[in-house]
Amino acid sequence: MSDRAPRIGVVTFPGSLDDRDARRAAATMGGDPIALWHADPDLRGAEAVILPGGFSYGDYLRAGAIAARAPIMAEVVAFAERGGPVLGICNGFQILCEAGLLPGALIRNRSLRFICREVSLRVETAQTAVTAGLTPGETVRIPMKHGEGQWVATADQLARVEGEGLVAFRYSSPDGIVDEAHNPNGATNNIAGVRNAAGNVVGLMPHPEHAVDPDVGPTGGQALFASLLQAALAGAAA
Amino acid sequence: MTTFRFEVLVSLKPGLSDPAGKAVEASLPALGWSNVANVRVGKHVALDVDAPDEAAARAQVDEMAARLLSNPVIEDVRILEVAER
């Protein structure tokens, strides 16, 4: 462990909602949160970047489509290509997919309904910036709240995602059973989150930043943030 | 330079579930139409492009359609009409 608080940049787009919670979660877990704005020309020394949830640009055109072309995203893409840790949560996951940093796309939930409740996620790999401290097969409990979270992909993308172990999280029962009964939104193969090949970019629909404080709900997000902070420090040391 | 008017139709790929289409389809029988199936809801984008000729304008619209107006992972795109303004 380091005694230094890593700088965790959280990008606010017009319409972001969970930027404050993401900064608060980063601080709760020992990070130094940095507020970034979508029009900023640089990342202000951030050692990890979070794209938070919400409805950036009103979700006009497609969820995340406009935000993915915002000025700061060129910096985020360059940071990701240098190996910097990038976490997209909910709308942030949609933005990462739209920006081409993660495979697939998010479409409206199968039920047509906006769904807001706690879910269990089975960790599929420890090879990501937010799961390095977790063990594949274990589950974390955190909330989801989205209307467009059904992950889909082209046949080629899906084959690659499954074949190369790019699935980060699947919706599951609390004891890790992945089946239709535990698929809240119709996501292909219960996929709740994916990573890039290097593992430094990861996105998921549910909200770890809402699950770090035992006073207000489950604490499944703590391990994800702890891993992200470690990845930020490791990246700075590398 | 000439101004060209384009209309771009964006639709979810066949095979992908289209919840909005399903919702519309489910509502039609209440109005008395029970013989309708395969309803799909898409997007229509109209825009004017200044370009030296129609071929240049169309090439630009093709690229804009692929890079922003649609997401090739989930959507098909079709350029519907072009008219000189």
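Colleague: Which residues lie nearest the centre of the largest pocket?

Modeller: Please keep in mind throughout that this is a predicted model. The largest pocket has a volume of about 450 Å³, and its lining draws at least two residues each from helix 3 (91-98) and strand 5 (105-107) of chain A and from strand 1 (2-12) and helix 1 (19-27) of chain B. Of the 25 residues in that lining, those nearest the centre are Arg108(A), Glu148(A), Leu12(B), Lys43(B) and Glu75(B).

Colleague: What about the second largest pocket, and which residues are the closest to its centre?

Modeller: This pocket has a volume of about 350 Å³. Helix 2 (71-81) and helix 3 of chain A, together with helix 2 (54-69) of chain B, each give at least two residues to its lining, which by class comprises 14 nonpolar, five polar and four charged residues. Among the 23 lining residues, the closest to the centre are Arg69(A), Glu98(A), Ala99(A), Gly100(A) and Arg67(B).

Colleague: Let us turn to the aromatic rings: which residues form an aromatic pair, and how far apart in sequence are the parts that the pair ties together?

Modeller: Over all chains the count comes to one aromatic pair, formed by Phe13(A) and Tyr57(A), whose ring centres are 6.5 Å apart and whose planes make an angle of 55°, which is classed as tilted. Both Phe13(A) and Tyr57(A) are buried. Phe13(A) sits in the loop between strand 1 (7-12) and helix 1 (19-28) of chain A, and Tyr57(A) in the loop between strand 3 (48-51) and helix 2 of chain A, so the parts tied together are 44 residues apart in sequence.

Colleague: Is Asp59(A) buried or exposed?

Modeller: Asp59(A) lies in the loop between strand 3 and helix 2 of chain A, and its phi is near 60°, a positive value in a residue other than glycine. Because buried means under 20% relative accessible area, the 17% of Asp59(A) makes this residue buried.

Colleague: Where does Asn189(A) lie, and what is its relative accessible area?

Modeller: Asn189(A) is another residue other than glycine with a positive phi, here near 55°. Its place is the loop between strand 9 (167-172) and strand 10 (191-195) of chain A. Asn189(A) is partly exposed, with a relative accessible area of 38%.

Colleague: What distance separates the C-alpha atoms of Ala66(B) and Val77(B)?

Modeller: Ala66(B) belongs to helix 2 of chain B and is partly exposed, at 41% relative accessibility. Although Ala66(B) and Val77(B) are 11 residues apart along the chain, their C-alpha atoms are separated by 7.9 Å.

Technical notes. Residues are numbered from 1 along each chain as its sequence is written. Chains are lettered from A and ligands numbered from 1 in the order in which they are written. This is a predicted model: local features need pLDDT of at least 70, side-chain atom pairs count only at pLDDT 80 or more; totals for chains, interfaces and linings use all residues. Side-chain values use heavy atoms; hydrogens and water are left out. On a 1 Å grid over the protein atoms alone, a cavity is a set of points where a 1.4 Å probe fits but cannot get out, and a pocket is an open set with protein on both sides within 12 Å along at least five of seven lines; lining residues have an atom within 4 Å of a point. Grid points are joined across faces, edges and corners, and a volume is the space filled by probe spheres set on the points. Helices (H or I, at least four residues) and strands (E, at least two) are DSSP runs, numbered from the N terminus. Ala, Val, Leu, Ile, Met, Phe, Trp, Tyr, Cys and Pro count as nonpolar, Asp, Glu, Lys and Arg as charged, and the others, Gly among them, as polar. Rings of Phe, Tyr and Trp (its six-membered ring) pair if their centres lie within 6.5 Å; planes under 30 degrees apart count as stacked, over 60 as edge-to-face and the rest as tilted. Buried means under 20% relative accessible area, exposed over 50%, partly exposed in between (1.4 Å probe, protein chains only).
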